[in-house]
Amino acid sequence: MIKPIRKNIVCVRLKKKTETASGIILNSDYDGNVDRAQVIDVGPEVTNVKKDDIVFIDWNKAVPVVVDDIPYYVIKEEFVIWVFEE
């Protein structure tokens, strides 16, 4: 497992939704969805994000890391755009 340091966050990319909450199946070329990520772990200096949060990040700033064939992304807290709230 990856343990982030300082203000870094480890996350995994979630699949885009292909169906709405009401059951409508979205067209495969629908681009209204954003690539969300689930936070796996946070560094000790991270203040606004916690483990298991669903977030939208600046994917251009994310550093891909593969561990045991699982793709993870490491990003600084400042590049988290927003946290999805249920």
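Me: Does D41 count as buried or exposed?
Reply: Buried means under 20% relative accessible area, exposed means over 50%, and partly exposed is in between (1.4 Å probe, protein chains only). D41 has 18% relative accessibility. So D41 counts as buried.

Me: What pLDDT do side-chain atom pairs need in this model?
Reply: Residues are numbered from 1 along each chain as its sequence is written, and side-chain values use heavy atoms, without hydrogens and water. The model is predicted: totals for chains, interfaces and linings use all residues, local features need pLDDT of at least 70, and side-chain atom pairs count only at pLDDT 80 or more.

Me: Which residues is D41 in contact with, leaving aside its neighbours within four places in sequence?
Reply: D41 has its place in strand β2. Strands (E, at least two residues) and helices (H or I, at least four) are DSSP runs, numbered from the N terminus. Contact means heavy atoms within 4.5 Å. With neighbours within four places left out, the contacts of D41 are I2, K3, P4, I9 and V10.

Me: In what order do the six strands form the open sheet?
Reply: Two strands pair if DSSP finds at least two bridges between them. The pairing here is antiparallel. β4 and β6 (80-84) each pair on one side only, as edge strands. The order is β4-β5-β1-β2-β3-β6.

Me: What is the average twist from one strand to the next?
Reply: Axes are lines fitted to C-alpha atoms (for helices, over the stretch in contact), and angles run from 0 to 180 degrees between N-to-C directions. From one strand to the next, the twist averages 40°.

Me: How many bridges join β1 to β5?
Reply: The two strands run antiparallel. One place to look is N8, whose bridge partner in β5 is K76. The number of bridges joining β1 to β5 is four.

Me: Which residue in β2 stands opposite I9?
Reply: β1 and β2 pair in the antiparallel sense. Five bridges hold this pairing. Opposite I9 stands V42.

Me: How many of the six residues of β1 are buried?
Reply: β1 is largely enclosed by the rest of the structure. That follows from its count of buried residues, so look at the six in turn. The number is five.

Me: How far apart in space are Y72 and V10, C-alpha to C-alpha?
Reply: Y72 lies in strand β5. Y72 is buried, with a relative accessible area of 11%. In sequence, Y72 and V10 are 62 residues apart. In space, C-alpha to C-alpha, the distance is 6.6 Å.

Me: Which residue is the bridge partner of V65 in β5?
Reply: β4 and β5 run antiparallel, joined by five bridges. In β5, V65 has as its bridge partner Y72.

Me: How many residues apart in sequence are the parts that W59 and Y73 tie together?
Reply: Rings of Phe, Tyr and Trp (its six-membered ring) pair if their centres lie within 6.5 Å; planes under 30 degrees apart count as stacked, over 60 as edge-to-face and the rest as tilted. W59 and Y73 are 5.1 Å centre to centre with 85° between the planes, an edge-to-face pair. W59 lies in the loop between β3 (54-57) and β4 (63-67), and Y73 in β5 (residues 70-76). So the pair ties together parts whose separation in sequence is 14 residues.

Me: At what distance from the ring centre of W59 does R13 lie?
Reply: A charge sits over a ring if NZ of Lys or CZ of Arg is within 6 Å of the ring centre and within 35 degrees of the ring normal. R13 lies over the face of Y73, at 5.5 Å from the ring centre. R13 also lies over the face of W59, and there the distance is 3.8 Å.

Me: Which residues do ring pairs link into a cluster?
Reply: The rings of W82 and F84 have centres 5.8 Å apart and planes at 75°, so this pair is edge-to-face. W82 is partly exposed at 38%, and F84 is partly exposed at 30%. The cluster linked by ring pairs is F56, W82 and F84.
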